[in-house]
Amino acid sequence: MANTLLFVCLSLTITSAFSFLPFAAHAISSCNGACRTLNDCAGQLICINGKCNDDPDVGTHLCSGGGGQPIPSNGACQSSGNLMCGDQSHKQYKCSPPVTPSTRARLTLNDFSRGGDGGGASECDGQYHNNSSPIVALSTGWYNHGSRCGKIIRITANNGRSVNAKVVDECDSVNGCDKEHANQPPCRNNIVDGSSAVWDALGLNKDLGIVYVTWSMA
Ligand SMILES: *[C@@H]1O[C@H](CO)[C@@H](O)[C@H](O)[C@H]1NC(C)=O
């Protein structure tokens with residue numbers, strides 16, 4: 001009996017190893033669209049050497065095999081328009097990727113205190129917050145009209161460390177380029193914008209400015 005089970009397990013392992021190989025080979029595709037900055041590329045894509053690419057760390061698979069346009073997968077979040085900041089065009093998003101038990105995101109650093117670079121007071125409560133608390137702002141789609149205000153999310157870094165943080169604010173993915181948003185362009189749609197306490201708890205170097213993490217509802 002034990003031998004049979006072992007055999008079945010081995011067969012399954014070998015079968016799945018082979019069936020994953022072709023997938024892995026195509027996992028990182030290139031959109032080839034010309035770009036100069038991060039913001040020139042659609043939602044989940046990043047600019048590498050002048051071309052819009054799937055984000056290798058976030059592992060998006062939105063690109064076609066070189067046609068230059070991302071393929072909208074079922075339910076994928078599409079840009080709702082463009083916002084000009086000076087002569088720079090920025091994509092706007094009312095939606096974010098679906099929330100899963102391990103939602104991929106970009107962690108950025110925010111100053112939630114009065115006079116900080118976060119711009120105005122927090123969207124949830126109209127208050128400023130102490131950066132020594134583990135708190136976050138979420139992209140507009142994830143903020144979901146405030147439904148996650150006061151909720152606790154669990155953020156996990158690539159180094160295996162995790163932290164629970166409270167949602168207090170929106171990282172506005174639609175509006176920007178004005179005083180209320182500290183003259184910053186709209187957020188991308190996959191941002192967890194954390195206080196310094198979040199970065200510290202995860203043991204991350206704040207000088208990096210942006211790191212890939214996963215999060216879920218705690
Ligand atoms: C923020 O919280 C820390 C720890 O609780 C405290 O020492 C500090 O004085 C607070 N800062 C402000 C500006 O309230």
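How many bridges pair E8 and E11, and in which sense? Select both strands: E8 and E11 pair in the antiparallel sense over five bridges. Two strands count as paired if DSSP finds at least two bridges between them. Helices (H or I, at least four residues) and strands (E, at least two) are DSSP runs, numbered from the N terminus.

**Before going on**

This is a predicted model, in which local features need pLDDT of at least 70 and side-chain atom pairs count only at pLDDT 80 or more, while totals for chains, interfaces and linings use all residues. Residues are numbered from 1 along each chain as its sequence is written.

Colour the chain by pLDDT, which is the predictor's confidence in each residue, from 0 to 100. The mean pLDDT of the chain is 78, and 65% of its residues reach 70 or more. Over residues 1–31 the pLDDT is below 50, and this stretch has 17 contacts in the model beyond near neighbours in sequence. Two residues are in contact if their C-beta atoms, placed from the backbone, lie within 7 Å. Residues 56–74 also have pLDDT under 50, with 35 contacts beyond four places in sequence.

**The whole chain**

Show the cartoon. The chain has three helices and eleven strands, in the order α-β-β-β-β-β-β-β-α-β-β-β-α-β along the sequence. Of the contacts with a separation of 6 or more, 61% are between residues 24 or more positions apart.

**The barrel**

Select E6, E10, E7, E9, E8 and E11. These six strands form a closed barrel in the order E6-E10-E7-E9-E8-E11, with mixed pairing. Neighbouring strands of this sheet are turned by 45° against each other on average, direction ignored. Here axes are lines fitted to C-alpha atoms, for helices over the stretch in contact, and angles run from 0 to 180 degrees between N-to-C directions.

Now go through some of the pairs.

- Strand E6 (residues 103–109) and strand E11 (residues 210–217) run antiparallel and are joined by six bridges. Select Arg104 to find its bridge partner in E11, Thr214.
- E6 and E10 run parallel, with four bridges between them. Leu109 stands opposite Gly194 in E10.
- Strand E7 (residues 135–139) runs parallel to E9, and five bridges join them. The partner of Leu138 in E9 is Glu170.
- E8 and E9 pair in the antiparallel sense over five bridges. Arg154 has Asn164 as its bridge partner in E9, and Arg154 also stands opposite Ser216 in E11.

Stay with E8 and E9 and look at the turn of their hairpin. It has four residues between the strands, and Gly160 takes a positive phi near 90° there.

A residue is buried if 20 or more other C-beta atoms lie within 10 Å of its own, exposed if 12 or fewer, and partly exposed in between, with C-beta atoms placed from the backbone. Buried residues make up 34% of the 218 residues in the chain. In soluble globular proteins, nonpolar side chains tend to be buried together. A nonpolar core is a set of buried Ala, Val, Leu, Ile, Met, Phe, Trp, Tyr and Cys residues joined through C-beta atoms within 7 Å.

Select Val136, Leu138, Ile155, Ala165, Val192, Val198 and Val213. Of the 28 residues in the largest nonpolar core, these touch the most other members. The elements giving two or more residues to this core are E6, E7, H2, E8, E9, E10, helix H3 (196–201) and E11. E9 gives the most, with five residues.

Centre the view on Val198. Not counting residues up to four places away in sequence, Val198 touches Pro134, Val136, Ile155, Val163 and Ala165.

Asp172 lies in the loop between strand E9 (162–171) and strand E10 (191–194). Asp172 is classed as buried because 22 other C-beta atoms lie within 10 Å.

Next, select Cys177, in the loop between E9 and E10. Cys177 has a positive phi of about 60° although it is not a glycine. With 17 other C-beta atoms within 10 Å, Cys177 is partly exposed.

Finish at His145, in the loop between helix H2 (140–143) and strand E8 (152–157). Its phi is near 55°, a positive value in a residue other than glycine. Is His145 buried or exposed? His145 is exposed, because it has 9 other C-beta atoms within 10 Å.
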